[in-house]
Amino acid sequence: MCGIGVVLYHSRTAEAAGSATTGIPVHALQRRGPDAQGELVVGRLEVSGYELRLTAAVLHLRGRACQPQPLQSAAGDVLLWNGEVFGGGVAVADGESDTARLLAVLRAAGEAVPEVLESVHGPWALAYWHAASRTLWYGRDGLGRRSLVRMEGADAAAGCSTLRLCSVAVPLPASAGGEWEELPACGIGCVRLLPDGTASHLWLPRRAPPPPAPRHYAIHDVTPQGMPPSGGTGALLESVNHCVGVCRCARVPRVRVVCVSPAVRLPSARNRREVSESVQSLGDICGVWISLRPPLGVTVRPLFDDSHVHGSSL
């Protein structure tokens, strides 16, 4: 488990006291990362209107050698990473550093940083500086398995606005102008430094995961043994009851019977109503749809939501 720290200063005026800027001290994070420690400063407050101070302490877990941080690319992009990539949208080869691999993927993603991070399987917290767009991305995984706290406010000593991020709530002087708060795990933060010296702060909520694909439980030839080829509504109801029994034995959750008994035809709407009313009395079944195209058996599926009104025939 690594430790990361970020302090971003930005100001619209040239009078900001750049000499008063300080980053997260290395000693505050050293216990979280005994294998390597590092600091990096990007920009100068009194010259460019912003100053980004990054601090990291690394615990070596992945790769053949310890990857020091902050990790900076040739283009000036910087990654602070406290996590492990177990799969998903970022493939890490055996012996490869997941920190270096993730930085390469983020650089190639351009503005699609949230999509990359949502695809990562594993616990993580990070801060990523994209130099070309002067954008700082930060966040943690959706389960909040890596700590990250945030503080925003006006720093009296530096005379400008600040954003602080850290793995731990390190003590700060009163001039820091705020209090630490836990970063929510429900989204990704983004700070973009604009040409006029202002900053655009965005919080991008995490997208809801797609609904699980319906699982189909196909039961062929559920007509009980000895049933005559054409038994009318009574035979159909007996087939449905048999299907319910099969589902109970298989411990299938609430199900929707899609098609029943290939041997029975229901020519009238009255028959359909009779069957539907009878089936509704069975506590294990939420509804029934009877196909006039006789299938080769019965299809049942878990009832995930009300959109699954009609099932597929076998």
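## Tryptophan pair and its surroundings

W124 is buried, at 1% relative accessibility (buried means under 20% relative accessible area with a 1.4 Å probe, protein chains only). The model is predicted: local features need pLDDT of at least 70, side-chain atom pairs count only at pLDDT 80 or more, and totals for chains, interfaces and linings use all residues. Residues are numbered from 1 along each chain as its sequence is written, and side-chain values use heavy atoms, with hydrogens and water left out.

## Aromatic pairs

Two aromatic pairs are counted (ring centres of Phe, Tyr and Trp, the latter by its six-membered ring, within 6.5 Å; planes under 30 degrees apart are stacked, over 60 edge-to-face, the rest tilted). Y50 and W129 form a tilted pair, with 5.6 Å centre to centre and 40 degrees between the planes. Both of these residues, Y50 and W129, are buried.

The other pair, W81 and W124, is stacked, at 6.3 Å and 20 degrees. W81 lies in strand β5 (residues 78-83) and W124 in strand β8, 43 residues apart (strands are DSSP runs of E of at least two residues, numbered from the N terminus). W81 is buried, with a relative accessible area of 1%.

## Open sheet

Six strands form an open antiparallel sheet in the order β2-β3-β1-β11-β10-β12 (two strands pair if DSSP finds at least two bridges between them). Because β2 (36-42) and β12 (181-182) stand at the edges with a single partner strand each, one side of each is left without a neighbour in the sheet.

Strands β1 (residues 3-10) and β11 (residues 160-166) pair over six bridges; T162 in β11 is the bridge partner of Y9.

Notes: Helix = DSSP H or I, 4+ residues; strand = E, 2+ residues; numbered from the N terminus. Buried < 20%, exposed > 50% of the residue type's maximum accessible area, 1.4 Å probe, protein only.
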